Number of protein chains: 2
Amino acid sequence: MEKLFQEGLGIAAGCLTTASYLPQVLHTWRTRSVEDISLRMYMLLCSGVALWFLYGVVIDSIAVMAANGVSLLLTLSIMVMKLRFGKGPIRAD
Amino acid sequence: MEKLFQEGLGIAAGCLTTASYLPQVLHTWRTRSVEDISLRMYMLLCSGVALWFLYGVVIDSIAVMAANGVSLLLTLSIMVMKLRFGKGPIRAD
């Protein structure tokens, strides 16, 4: 029972954090405006999520791979839009 | 040895994702400009990270609690700044 609660909590947490990037993808795609978004944040976040995906591969967990695979696609697309829609000289922050 | 590699990978991933929010906090604090940031993203992200923190409490893992406790503070401050510095009528996206 306690194990079930733990698993449920982990699944809910994973779904929320993974889903969270979608509104930013849509927002940025619609507005094409990226000035307020930190490039450094998405560079670190994409690297971290990629390592979490690798962690899922190493511990052989489909759930960890799935959650972080989707997160990686979403955060990468935010980063690509930041680079693509950013105007003027590239600012690292 | 393999266990050590797993642990190291998890720690590196956790450090990167947790640290990633700091540049956005600094960027937003400096510019006071939040239009391009999705409020929905930070609402979902804060909820998810809060559940991950709770998950750390339930499985009694200091590492999970620490990483998500710090992440929660950082993502919450981005959300508070989004609400505080946002001009005009509140837009949910």
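**Exercise 1.** Through which surface do the copies meet, judged from the interface residues of chain A and chain B?

*Solution.* The model is a predicted one. Begin with the residues in contact, to which chain A gives 37 residues and chain B gives 37 residues. Next, compare the two sets: 100% of the interface residues of chain A are also interface residues in chain B, so the copies meet through the same surface.

**Exercise 2.** Describe the area and the make-up of the interface between chain A and chain B.

*Solution.* About 3,500 Å² is buried between the two chains, and carbon and sulfur atoms give 69% of that area. Across this interface the rule finds zero salt bridges, while 17 residue pairs are in polar contact, both residues being at pLDDT 80 or more. On the side of chain A that touches chain B, α1 (2-31) and α2 (39-58) each supply at least two residues, and the largest share, 16 residues, comes from α1(A). The residues of that side divide into 21 nonpolar, 11 polar and five charged.

**Exercise 3.** Check the span of helix α1 of chain B against its number of residues.

*Solution.* Helix α1 (residues 2-31) of chain B has 30 residues, which at 1.5 Å a residue should span 44 Å. Its end C-alpha atoms are 45 Å apart, which agrees with that expectation. After α1(B) comes Arg32(B), whose phi is positive, near 60°.

Conventions: Residues are numbered from 1 along each chain as its sequence is written. Chains are lettered from A and ligands numbered from 1 in the order in which they are written. This is a predicted model: local features need pLDDT of at least 70, side-chain atom pairs count only at pLDDT 80 or more; totals for chains, interfaces and linings use all residues. Side-chain values use heavy atoms; hydrogens and water are left out. Contact means heavy atoms within 4.5 Å. Buried area is the accessible area (1.4 Å probe) that two parts lose on being put together, summed over both. A salt bridge is a side-chain nitrogen of Lys or Arg within 4 Å of a carboxyl oxygen of Asp or Glu. A polar contact is a pair of N or O atoms within 3.5 Å; within protein, one must be able to donate a hydrogen and the other to accept it, and residues adjacent in sequence count only if both atoms are side-chain atoms. Helices (H or I, at least four residues) and strands (E, at least two) are DSSP runs, numbered from the N terminus. Ala, Val, Leu, Ile, Met, Phe, Trp, Tyr, Cys and Pro count as nonpolar, Asp, Glu, Lys and Arg as charged, and the others, Gly among them, as polar. The expected span of a helix is 1.5 Å times one less than its number of residues.
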